[in-house]
Amino acid sequence: MPRTLAPVFSLLLATAILLVGNGMLGTLIPIRAGLEGFETTTVGIIGSVYFAGFLLGCLATPHVVHRAGHIRSFATFCGLASAAPLIHALSSDPVIWALMRILTGFCFAGLYMVIESWLNEQSSNETRGRFFSAYVIVNLSALTVGQALLNAADPAGFVLFAVCSILTSIALVPIAMTTSVQPMPIQSTRIDIKALYALSPVGVVGSFVVGLANAPFWTLAPLYASESGLDTAGISIFMAAAIIGGAAAQWPIGRLSDRMDRRRVILAVSLGAALGEVALVAAGMSGSVPAVMAAGFFFGIFGLTLYSVVVAHMNDHGQSESFVAISGGMLIVFSIGSIIGPTAASAGVSTFGIASIFVVTAAVHLGFAAYTFYRIVYTPALTEEQRVDFVAVPVAQVQPLPTELDPRAGEDTAQDATVEPQGTTTA
């Protein structure tokens, strides 16, 4: 295994460094915003615009890389992304923070896409699965380390923002020094959301729901944890517990979904996520720190695994289509939900309290569960032969699926494809 990964070690190292910094920054922003006295709705808007920047970055990166190449594009994105945390530390203006979050989202979309296209170029059908597994492990490990680093200094000071900036800058070194041949330019893919919905309504709606429900967690859960009595160390453990819960449950839930109608697993996981959100509300009201931690872990088991099962279900229905076009469309739908979610969830906080964000997201998951049940009743399930194998995907805040590296992509990653309906609406 180490010898297999040797050609992409520098790429995986850069990914790890970036995700430690970005995972740390994603939690630090709402903590510091609370210390600065920002309204919860303002924090929600700041979280929403990050995803808007990320979506813009996904659309623009192929053109940037085509013009400048992978290494220069990566250097540009790193330079801009490393400046943003420092500006957060120097200013307490919410407008400036929102602009910096847009910039950060834009840059990290570009950074992830450059690395993923490079990893995909270095892989073959025989090694892609091992590369993808290593990539997922790096994602989960780096996010957990990023939460732990929050305890390195006072979030009210300059140091943590400086660490985020330093990590982003250092991530350029492995890429700049790599001896790997630069890959071909990233291919733009034509995406038809209406056609994707025709392939699988549950897949498209589920992708939107995950963005709508999970983005408020990443954006506002640190504020919830703080108001529940947790200090910075407690908040970092709370967020790490959710990540670990999602990581631990991906394979068991995914393998279960391989053995039955995947929509039944989606239904159960959606209900589990709603139950986890209800548990978060109850734990917050109880004031019990262990209860808050346990509720975070429980939510992670279901809330952070739903996307993987939804993606697998979508790919069950799109085996004859371009995988890149499907996953790219899913990413766009996810991003749209993520843009709406934090602002919508924070709207009632001033009246009902911070725990109300989980009431909103629980309602979203329950609504999706009801929709999935409707689809189960009125549309037939796929046969076992029609289902593809489950593949776990990262649970990072803004990187739900590497669109090219997933081993299911096979050889279609080089195609400039469009997705067409199969003629009849499926599940």
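Predicted model: local features only at pLDDT ≥ 70, side-chain atom pairs only at ≥ 80, totals over all residues.
Residues are numbered from 1 along each chain as its sequence is written. Local features need pLDDT of at least 70, side-chain atom pairs count only at pLDDT 80 or more, and totals for chains, interfaces and linings use all residues, while side-chain values use heavy atoms, without hydrogens and water.

**Exercise 1. The chain as a whole**

State how many helices and strands the protein chain has, and what share of its residues is buried.

Solution. 
- The protein chain holds 17 helices and zero strands. These are DSSP runs, numbered from the N terminus: H or I of at least four residues for helices, E of at least two for strands.
- Of its 427 residues, 60% count as buried. Buried means under 20% relative accessible area, exposed over 50%, partly exposed in between (1.4 Å probe, protein chains only).

**Exercise 2. Helix α10**

Then locate its bend and judge how enclosed the helix is.

Solution. 
- At Leu 220, α10 bends by about 55°. The bend is the angle between axes fitted to the seven residues ending there and the seven starting there. A proline, Pro 222, follows within four residues.
- 23 of the 27 residues are buried, so α10 is largely enclosed by the rest of the structure.
- Just after α10, Gly 229 has a positive phi of about 105°.

**Exercise 3. Aromatic pairs**

Count the aromatic pairs. Classify Phe 54 with Tyr 112, and Tyr 224 with Phe 358.

Solution. 
- Rings of Phe, Tyr and Trp (its six-membered ring) pair if their centres lie within 6.5 Å; planes under 30 degrees apart are stacked, over 60 edge-to-face, the rest tilted.
- By this rule there are 15 aromatic pairs.
- Phe 54 and Tyr 112 are 6.5 Å centre to centre, with 55° between the planes: a tilted pair.
- Phe 54 lies in helix α3 (residues 40-68) and Tyr 112 in helix α5 (residues 94-122), so the pair ties together parts 58 residues apart in sequence.
- Phe 54 is buried at 5% relative accessible area. Tyr 112 is buried at 4%.
- The ring centres of Tyr 224 and Phe 358 are 5.0 Å apart and the planes stand at 85°, so this pair is edge-to-face.
- Tyr 224 sits in helix α10 and Phe 358 in helix α17 (residues 356-378), 134 residues apart. Both are buried.
- Ring pairs link Phe 217, Trp 218, Tyr 224, Phe 238, Phe 299 and Phe 358 into a cluster.
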